[in-house]
Amino acid sequence: MGLLLALALLCPCLALAEAAQPRTETGRQAAAYMDEAGVNYQLDTSTEDDVFIRAFAPSKAEGVDSIIVGALVNDERVAFETTTLVTADTSDMAALYQALNAINADAAFVRFVLNTNDGSIIARMELPVLGGEDFGYVMERYMLAVAGAVDDSYNALAALA
């Protein structure tokens, strides 16, 4: 999924917000809110979920130009996920798990997740869709919260590489 988010930002052939339309009711609510609020985003509808992608400027993360956050939306849940943040050194898995656990203990709202196949670490969180008119606002705020958590934790994550 992280690769999909990265490709969406690099490949202009993927659907942009003005070209594609969300397929789910929840996605339509989110798009309506973000369009009305003037939030800059990309929309990718090439998967079964409506994927809203936003880039945030970091203030603390060293060596990072932007923090890319995706919201994978369907009518039951929204999963927030970043592209690969770092690729960890997996030579000492016990020490890596201990360090990642300490970073997660300090993180609010999100979890930093290790892919043991390739050492990549992403940020992830999930919310159920409860309905209501404020879903777009909630989704936009949580995308910001994920980006903030990454910004706060990135330097500690980079030390794991």
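How many residues lie between strand 1 and strand 2 in their hairpin? There are five.

## Basis of the model

This is a predicted model: local features need pLDDT of at least 70, side-chain atom pairs count only at pLDDT 80 or more, and totals for chains, interfaces and linings use all residues. Residues are numbered from 1 along each chain as its sequence is written, and side-chain values use heavy atoms, with hydrogens and water left out.

## Overall fold

The protein has four helices and seven strands. Helices (H or I, at least four residues) and strands (E, at least two) are DSSP runs, numbered from the N terminus. Their order from the N terminus is α-α-β-β-β-β-β-α-β-β-α. Of the 161 residues, 46% are buried. Buried means under 20% relative accessible area, exposed over 50%, and partly exposed in between (1.4 Å probe, protein chains only).

Strand 1 (residues 42-44) pairs with strand 2 in the antiparallel sense, over three bridges. Two strands pair if DSSP finds at least two bridges between them. Gln42 faces Ile53 of strand 2.

Strand 2 (residues 50-56) is mostly covered, with six of its seven residues buried. Strand 2 also runs antiparallel to strand 3, joined by seven bridges. Here Phe56 has Ile67 of strand 3 as its bridge partner.

Gly70 sits in strand 3. Gly70 counts as buried because its relative accessibility is 0%. Gly70 and Ala55 are 15 residues apart in sequence, and their C-alpha atoms are 8.8 Å apart in space.

## Helix 4

Helix 4 has 24 residues, which should span 34 Å at 1.5 Å a residue. The expected span is 1.5 Å times one less than the number of residues. The end C-alpha atoms are 33 Å apart, which agrees.

Helix 4 has a kink of about 45°, centred on Asp152. The bend at a residue is the angle between axes fitted to the seven residues ending there and the seven starting there.

## The largest pocket

The largest pocket holds about 190 Å³ of space. Its lining has 13 residues, and the closest to the centre are Val64, Ser66, Ile67, Thr83 and Thr84. On a 1 Å grid over the protein atoms alone, a pocket is an open set of points where a 1.4 Å probe fits, with protein on both sides within 12 Å along at least five of seven lines; lining residues have an atom within 4 Å of a point. Grid points are joined across faces, edges and corners, and the volume is the space filled by probe spheres set on the points.

Strand 3 (67-73) and helix 4 (135-158) each supply at least two lining residues.
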